[in-house]
Amino acid sequence: MLKIGITGGIGSGKTTVCRIFESLGIPVFYADTVAKQIMVTDMLLVAGVKAAFGDESYTIEGKLNNKYIAQIVFNDQQELDKLNALVHPATFRAFERWMNTVPAGTPYILKEAALLFESGSYRLCDKSVLVTAPVDIRIARVMERDEVSREQVASRINKQLSDEIKKGMADYFIENKETAALIPQVLKLHHQFLK
Ligand code: ATP
């Protein structure tokens, strides 16, 4: 079964695009959502995080101490790499488990990941799709969606690989300026992937 990785910078609209694929019956693995879930459910990962960052990484009730972890990794690339080295393989394992639940006869699946290229997970996909949108539109969309400041969005954008670099790595592109233009682009790729 064909595995298609789909990515895009923050606010580019990759989740919106994936919802359209889902409406066509295509299963989507949301890597970032799953990564958050397994931070508390994958005991091997929990043990790894505690070993790397201390028991304070989790509350007594077993919830992730987001504030504590964020404060360690936010401005320290080495610590962030350490966390990613634990989370990415665990997410790959979760993806393999999820693949076993995909109904037989499914023509292809999508794997949505913000860090598809950065994490190396694109190598496990057959093809990749990059969703792009102008930076000013992305900032406005995220400011509205997350109720955050322009500076907060800009600082998150600056931490990701630029679209220019990702453009050189992706096989297909979706330009997400307006909703009307989005659906025909998705349908075109869908028919291509069905072939
Ligand atoms: P993130 O990386 O932060 O998860 P994302 O790339 O998955 O972002 P979405 O959540 O799909 O992006 O879109 C960001 C916001 O912009 C959402 O509130 C979404 O509803 C809105 N949006 C996306 N595409 C469009 C569009 N074409 N027209 C209007 N609003 C849009």
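1. The axes of helix 3 (residues 43-53) and helix 5 cross at roughly 170° and come within 10 Å; axes are lines fitted to C-alpha atoms, for helices over the stretch in contact, and angles run from 0 to 180 degrees between N-to-C directions. Helices (H or I, at least four residues) and strands (E, at least two) are DSSP runs, numbered from the N terminus.

2. On the side of helix 3, that contact (heavy atoms within 4.5 Å) is made by residues including Leu-44, Leu-45, Gly-48 and Phe-53, and on the side of helix 5 by residues including Leu-83, Leu-86, Val-87 and Arg-93. By class, the contact of helix 3 with helix 5 has nine nonpolar, one polar and three charged residues, where Ala, Val, Leu, Ile, Met, Phe, Trp, Tyr, Cys and Pro count as nonpolar, Asp, Glu, Lys and Arg as charged, and the others, Gly among them, as polar.

3. The model is predicted: local features need pLDDT of at least 70 and side-chain atom pairs count only at pLDDT 80 or more, whereas totals for chains, interfaces and linings use all residues. Residues are numbered from 1 along each chain as its sequence is written, and side-chain values use heavy atoms, with hydrogens and water left out.

4. Seven aromatic pairs are found in a search of the whole structure, rings of Phe, Tyr and Trp (its six-membered ring) being paired if their centres lie within 6.5 Å, with planes under 30 degrees apart counted as stacked, over 60 as edge-to-face and the rest as tilted. The pair of Phe-29 and Trp-98 is tilted, because the ring centres are 5.4 Å apart and the planes are at 55°. This pair links distant parts of the chain, with Phe-29 in strand 2 (residues 28-30) and Trp-98 in helix 5 (residues 77-99), 69 residues apart.

5. Is Phe-29 buried or exposed? With a relative accessible area of 2%, Phe-29 is buried, a term for values under 20%, with exposed over 50% and partly exposed in between (1.4 Å probe, protein chains only).

6. Glu-22, which lies in helix 1 (residues 14-23), counts as partly exposed at 31% relative accessibility. Leaving aside its neighbours within four places in sequence, Glu-22 is in contact with Val-28 and Tyr-30.
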